[in-house]
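Dear colleague,

I am handing over the structure we talked about, and you will find the sequence and the coordinates just below. After them I go through what a reading of the atoms turned up, element by element.

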Amino acid sequence: MNLPDQTGQSYPVEDMDDAGSGATHLNNDWTAYPSNTSSTVDEQDPKEIFFKTGKVVFKVSSIARTDLSGIQSYPLDTIQIFAYDFNTKQYESRPQKSIVFKKSYFPVMSGTQGRLKLDGIQILDKAGSIVQEYNFTYNTTPLPLYTSYSKDFWGYYNGKMDAPGITPYTLIPKTQISVQLSTAVPPNNVPYLRYIGSNDFTSRDPDTVKMQAGVLTRIDYPTGGYTNFTYETNRYTDDHSITHFTGGLRLKAVENYTDATATPVRKTYQYNTARPNFITDTTTGYINYGFFVNSTLAIDYYAAPQHRSKRVRMYYSESSSSLTPTEGNPVTYTSVTEYIGDPTSNIGKSEYKFRFTKDTYSGASGYTLRPVILDRYFKRGQLERKADYLRKSNGTYQIVKEELHNYGAFLDGRDTMYNDVGMIVGQRWQSYSNGTPILYQDVTFGSEQNALPFAGYNIVSGDSYPISTTTKIYDQNDTTKFQASTVEYKYDNFKHLQVSRIRATDSKGNTKVTVNKYPADYLAGGATSTNNSVLDAMLASNMQAETIEKWDSVKNVATSVNAIVGAQLNLFQLGNQAVLPDEIRKLNVSTPLTDFIPASIVSGNINADTRYVKMVKFDKYNYNDNSLLQYTPRTGGPTSIIWEYNNTYPVAQIKNAITSTILGNRNSAYSSFEAEGNGNWTVTGVPVLEQSAPNGHKVLPLSSGSVRLSDGDFTKPHTLTYWSNNGAASVYIGGSNYAGTALKAINGWTLYKHAIPAFPSVQSLYISGSAMIDELKTYPTDAQMTTYTFDTDGLIAMTDEKEQISRFEYDPAQRLKNTKDWKYNIVKNQEYHNYNMTIGNDAIATTTFTRNNCPPFTVPGTTTYSVAANVYYSVSKTSANALAQYDLQTNGQSKANDPAICGCPIQYVTFTMKDQTGLGTYQAKLSGPTTLYFNMPSGTSTGQVPANDNYTLQISAVGTQVKHFQLGSRPVITGHTATFNNVNITPGSSDLTLTIY
C-alpha cells in the first residue's frame, strides 16, 4: 500500500550570479517543494500463530479505513485464541478467548476525515460473552488530515495552517533572508532583504492547546474504576531564564477512582528543572535554525579558463540536527516532585532526581558542515535520588525515606570513544558542464575533493548499569538519625556483563557479599575454552547469564570474621542441541565456613567443595524435545514423568520409579485415552467419547482391541489399576492371567486392582476383554503414581496415590468454577462478577437434544433442556444471552449424552422374504453381529433384523430343486442354494427383499 508521506519541504534560493551580464542564470520561483519521497509498503500482517496446544488468529475488518485516502488498509478487529482438542483431533470451533477492538473515528475538521480511534477493548469468553471491558476517552479537539502542514517542529499538531485557502500553504515558517542577485552588475549586486515561507513567523511553533488533540484522557476498567489523565506541554528554561515550549506532553496529574462515587487518589507532578534534549543555539537557547539551511556554490564550466558560478541555498522544513533524541523525548526532567494530592493540599510528596548528560557535536561536524552528534542517551533518565516526605499538620514536610542510586560498571563509568566508525561527506560546491554534473575528476577550477569534504566520525558509548543503591530510613522523632544500608553491584567480567558481586552493608557496618560465577568466568586469562565441554557449549550458545556457582559471605563488624554462610552449585548437561540443567547442589553449612573452596575446572571436570550436597538431580530428558523425564530429589527416590498432549502437559508423576532401564525397558505406564501418545501403552483399540467416563472424556472399549506394555521391566512387583463398566479385564503376563479385585464403584464404573508379581526377565503385559476401561495405569508396587487429565480448559482431573479423584470445572472464561471429589460432590465453588454485570438473560424455551455418541446402528434417545430467565448476568442483554446459549448448547448436549437419561437401543429393520416357488420349506440365515434364522413359508413373510451393513445371507437347499434367488437389485443366482456377502440391512438399503422363484 502507499503510505501518506509528508516528511517535509525544501525551499531553493539562488543568488550571487557572477556572470558579466548580471543575474541571468538564476532560477527562483520563490516556492517550496516537497523534499520527501512516497513510500510503498507490502504489508505482511500475521494471520495465524500456531503453538503446541492451539493457535492465535488475527481477524481484520472487512471495511477499509477511511482516514487513509487512496489506501486499502484494513484495521485489526479481533484476536482469537483457539484450543486444540485432542479428543476430536482438531481445533475447537469456538475461540477460547477473543480480544475485540472497538473502533470509531475522531471528531472531524471541516472538509477532512477523522482519524481512526480505539474506543475500547473487550475480552470475550468461550460463550462470546463479555468478561472484561476497557474503554478509552480522548481529548475532543479535532485532528487534521495526516498530510496537514499544521505541525510544529517536532511533528505535533499546532493548527497554524488550518484556515481554508491559506497561502502560502507551507511547512517553511516565515523567514527573513538576504539576497544578492549578482556579484558584478549594479543594481543587482546590492543585497536586499525579503521573506520566504509562510506568512507567520510562528507557523512551526508548538501550540499548547492544539497539541493535546486526540490524547488519551481517561481509562475505564472492568472493576468500575477509572483513571483520569491531565497533561501540559513539554518546556524548559534556558540559561537566560527564558522558557521555551517544545513538542510533546508531560503528565500534570493522574486521578484514580475505584468507582464512580469514590474519592479519587490524586497524584500531581511538578517539574522543577528541565533540560533540552537536543543541541540548542548558544545565543537563543532554543532551536539552532542554522541546521535548516544548506548553502553550496554551483559552478558551470566551459572552455578553460572560463566559468560562471552562483550560490544555491536550500531552506528545509526539518532540521538536519535532530530535535528528538534517541530516547524519544525532546526534554529531560532532572528534578520532579510527585504530590499525593496537589502542591497546596496533599498528604505527602516524593522528590525524584534523574541523570542528564548533554549531547555534543563531533569534530567532523565543523569540517563537513554536517551535524554529527555524540549521543549520550545512556547517561540520561536514570533515577539518582528518590525521597519520600510526610506532610505535617503545620504544612511542613518531614523526610521518611531516601534512596540514592549510582550507575556505571566498566571503566568506572567513563565513556568509551569509538573513532572513525563511519564517514560523513559534506558539499561546498558542485560543478557542471553544459548542465551535467562533473564528479570525481579534476577540473580547471580545482579538485572535486575540495567540493566534497569528508571526515571520519566517532560514536560514544558507555555503561549505565546500577552500581550502588543506598537506602536511608529516618527516625520520625529525630530526622537527624537514620538507618542506612548500601547495596553495591560489581561487574568483574566484560565477557558476560553480569553482576559478579553484590555487597550489602547495613547501618551497623556488617557486610554480606554474594559472589556469582558464570560460564565465562571459567575462561583462564585470554583462553577461548574452559576445558569443560558443557561450559564451552554454554558459551557457544551464548548462555552468558546462567549462574554456575553462587556463594554468600558475611563479615561481622564486631569480630571482623568473614565467613561463608551459604552456597549453591548449578551443574548442566548436554541435551539434544541444547544445554540442560543437570544437578543443583547446596552447601551443607551448620556454622559459617572460613575454608570454602570455589568450584574450578580440573582435567575437564568441575571440582567443587566436598561439603556440597545434592538437592535435586535431573536424570533424564526426552531426546526429541528435551522435556524432563526423570528427576531425583535429595530426600526421595527417583521420580519419573509421563508427558502427553503434544508433550506439553505432564499426565503422570511416579515417585520411586525410574523412567526406563539401561536397555530402555519401561516400568510404568498410564493413559486416560485422552491424548495421542497413550502414556507408554500400545493401544490397538479405538478410544471413544463417553459421557460417564470416570476421568476425562474418553474411554477404551476393549472389544475394539487390546492394550499391551511391550518389553516391560517387571523385576519388581507391580500394581495395575483401571476403571471398568463391565467387570474385570483379562490381565496376562508371563504365561498367566492375574485376577482383579474391585475396590470401589460409582456411576456404573468399578475400580479394579491387579497385583502382578515380579519377573526375573523382561515381559510384556496384555489386557483384553469386552468392557470399556478408563484411567489405566501400572507402576512398581513400592512406587506412587499421581495422574493429571487435561482438556481445552486446562486441568480437569487429578488422581492421587490413593486413587482419590479431584475434578475441576471451569466457566466459559476458563476460570475455575467447581472443585469436586471422586463422587462428584462439589467441595468448593467460585463465582465471578464485575460491577456492571447487572443485565439478565432472556429465557430459552425447551429445546430437544439427541444423543450423539451412540454406536452405529442404534436409535439415539432424546431429551429436553431449557434455560430460565435471569440465570446469567452480564454487561448487556446480548452478552447475557450468549452465556445462556452456551449453557444450552453445552449442558443440553451433555444431558443427552448421559446414558442414564438417553439410551441407544438397537435399531431393527424389516427384512422381506418372498417364496414364489410354492415349496414353503426354504430357510434364510443371516450371519453378522448376530446370527438369525428365518423359515420362509410360501408367499411373503418378514423378519426384524438388527441394523448392520455387513451380514452374510445364506439360503439352504431344498432337495435337488434348482431355483432362482434374487436379493434386491443384485444379480440373480440360479442353483440349489445361494450365498450373498456384504448384505446391508439398514433403512433405505436395496438389500431388504429376498425373492425365490
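Over the ring of which residue does the charged end of Arg218 sit? The ring is that of Tyr226, and the charged end lies 3.7 Å from its centre; a charge is said to sit over a ring if NZ of Lys or CZ of Arg is within 6 Å of the ring centre and within 35 degrees of the ring normal. Arg194 is placed in this way over the ring of Trp30, with 3.8 Å to the centre.

Before the rest, two remarks on the basis of these values. The model is predicted, so that local features need pLDDT of at least 70 and side-chain atom pairs count only at pLDDT 80 or more, while totals for chains, interfaces and linings use all residues. Residues are numbered from 1 along each chain as its sequence is written, and side-chain values use heavy atoms, with hydrogens and water left out.

Aromatic rings

A search of the whole structure finds 31 aromatic pairs, where rings of Phe, Tyr and Trp (its six-membered ring) pair if their centres lie within 6.5 Å, and planes under 30 degrees apart count as stacked, over 60 as edge-to-face and the rest as tilted. The rings of Tyr377 and Phe378 are an edge-to-face pair, because their centres are 5.7 Å apart and their planes stand at 85 degrees. Of these two residues, Tyr377 is partly exposed at 42% relative accessible area, whereas Phe378 is buried at 8%; buried means under 20%, exposed over 50% and partly exposed in between, with a 1.4 Å probe and protein chains only. Elsewhere, ring pairs link Phe50, Tyr84, Phe86, Tyr91, Tyr645, Tyr649 and Phe790 into a cluster.

Asn277 lies in the loop between strand S17 (265-276) and strand S18 (293-301); helices (H or I, at least four residues) and strands (E, at least two) are DSSP runs, numbered from the N terminus. Asn277 counts as buried because its relative accessibility is 3%, and its side chain makes a polar contact of 2.9 Å with the side chain of Arg380. A polar contact is a pair of N or O atoms within 3.5 Å; within protein, one must be able to donate a hydrogen and the other to accept it, and residues adjacent in sequence count only if both atoms are side-chain atoms. Leaving aside neighbours within four places in sequence, the residues in contact with Asn277 (heavy atoms within 4.5 Å) include Pro325, Glu327, Phe356 and Arg380.

Thr778, in strand S54 (residues 772-780), is buried with a relative accessible area of 0%. Its side chain reaches the backbone oxygen of Thr719 at 3.0 Å, and among the residues that Thr778 touches, not counting those up to four places away in sequence, are Trp681, Leu709, Phe714 and Met785.

How is the N-terminal end of H3 capped? A side-chain oxygen of Asn532 lies 3.1 Å from the backbone nitrogen of Val534. In helix H3 (residues 533-540), Val534, Leu535, Ala537, Met538 and Leu539 are buried, and the buried residues pack against S35, S36, strand S37 (600-602) and strand S38 (605-607). Asn531, in the loop between strand S33 (511-517) and H3, has a positive phi near 70 degrees although it is a residue other than glycine, and it is exposed at 59%. After H3 comes Asn542, whose phi is also positive, near 60 degrees. Gln577, which lies in the loop between strand S35 (562-574) and strand S36 (579-587), is exposed at 79%; Gln577 and Ser541 are 36 residues apart in sequence and 9.7 Å apart in space, C-alpha to C-alpha.

The peptide bond from Thr167 to Pro168 is cis, with omega near -15 degrees, and Pro168 lies in the loop between S11 and strand S12 (175-179). The bond from Pro186 to Pro187 is cis as well, with omega near 0 degrees, and Pro187 is found in the loop between S12 and strand S13 (192-196).
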